[in-house]
Amino acid sequence: MARPIKETPTLYGEDARRFAYAVEHPKPVSTESVRRAVNTYEQFKAIANFAL
């Protein structure tokens with residue numbers, strides 16, 4: 001049986017400021033990293049079999 005999901009804690013003070021800044025200024029992702037992720041996705045999609 002599944003466990004209940006706890007509430008997400010609220011951030012205050014410096015933690016809240018750091019989180020807001022990180023959301024507004026995401027780290028750039030390299031083209032090579034995106035290419036690897038798409039390639040991996042395509043490989044998994046090719047072998048997936050969801051027939052019921």
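Glu 32 forms a salt bridge with Arg 35, and the closest N and O atoms lie 3.4 Å apart; a salt bridge is defined here as a side-chain nitrogen of Lys or Arg within 4 Å of a carboxyl oxygen of Asp or Glu. The two residues are three residues apart in helix H2 (residues 31-47), which means that about one helical turn separates Glu 32 and Arg 35. Helices (H or I, at least four residues) and strands (E, at least two) are DSSP runs, numbered from the N terminus. Glu 32 counts as partly exposed because its relative accessibility is 40%, where buried means under 20% relative accessible area, exposed over 50%, and partly exposed in between (1.4 Å probe, protein chains only).

The model is predicted, and local features need pLDDT of at least 70, side-chain atom pairs count only at pLDDT 80 or more, and totals for chains, interfaces and linings use all residues. Residues are numbered from 1 along each chain as its sequence is written, and side-chain values use heavy atoms, with hydrogens and water left out.

The structure holds four salt bridges.

In helix H1 (residues 13-24), a salt bridge is formed by Arg 18 and Asp 15, whose closest N and O atoms are 2.4 Å apart. Arg 18 and Asp 15 are three residues apart within helix H1, about one turn of the helix. Asp 15 is partly exposed, at a relative accessible area of 39%.

Phe 19 also belongs to helix H1. With 52% relative accessibility, Phe 19 counts as exposed. Together with Leu 11 and Val 23, Phe 19 makes a nonpolar surface patch of about 300 Å². Patches are made of residues with over 30% relative accessible area and no salt bridge; like charges are joined within 9 Å, and nonpolar side chains (Val, Leu, Ile, Met, Phe, Trp, Tyr) within 5 Å.

Further positions in helix H2 were examined. Thr 31 is placed in helix H2 and is exposed, with a relative accessible area of 58%. The C-alpha atoms of Thr 31 and Glu 42 are separated by 16 Å, the two residues being 11 residues apart along the chain. Ser 33 likewise has its place in helix H2, and at 26% relative accessibility Ser 33 counts as partly exposed. Between the C-alpha atoms of Ser 33 and Ala 46, 13 residues apart along the chain, the separation is 20 Å.

For the chain as a whole, two helices and zero strands are found. The radius of gyration of the chain is 19 Å, whereas a compact globule of 52 residues would have one near 10 Å; the radius is taken over C-alpha atoms, and the globule rule is 2.2 Å times the number of residues to the power 0.38. The C-alpha trace spans about 45 × 40 × 10 Å along its principal axes. Of the 52 residues, 0% count as buried. The accessible surface comes to about 5800 Å², and 61% of it belongs to carbon and sulfur atoms; accessible areas come from the Shrake-Rupley method with a 1.4 Å probe, and for residues only the protein chains shown count as cover.

The chain carries 8 positive and 6 negative charges, whose mean positions are 6 Å apart. Lys and Arg count as positive and Asp and Glu as negative, while His and the chain ends are not counted. The place of a charge is taken as NZ of Lys, CZ of Arg, CG of Asp or CD of Glu.
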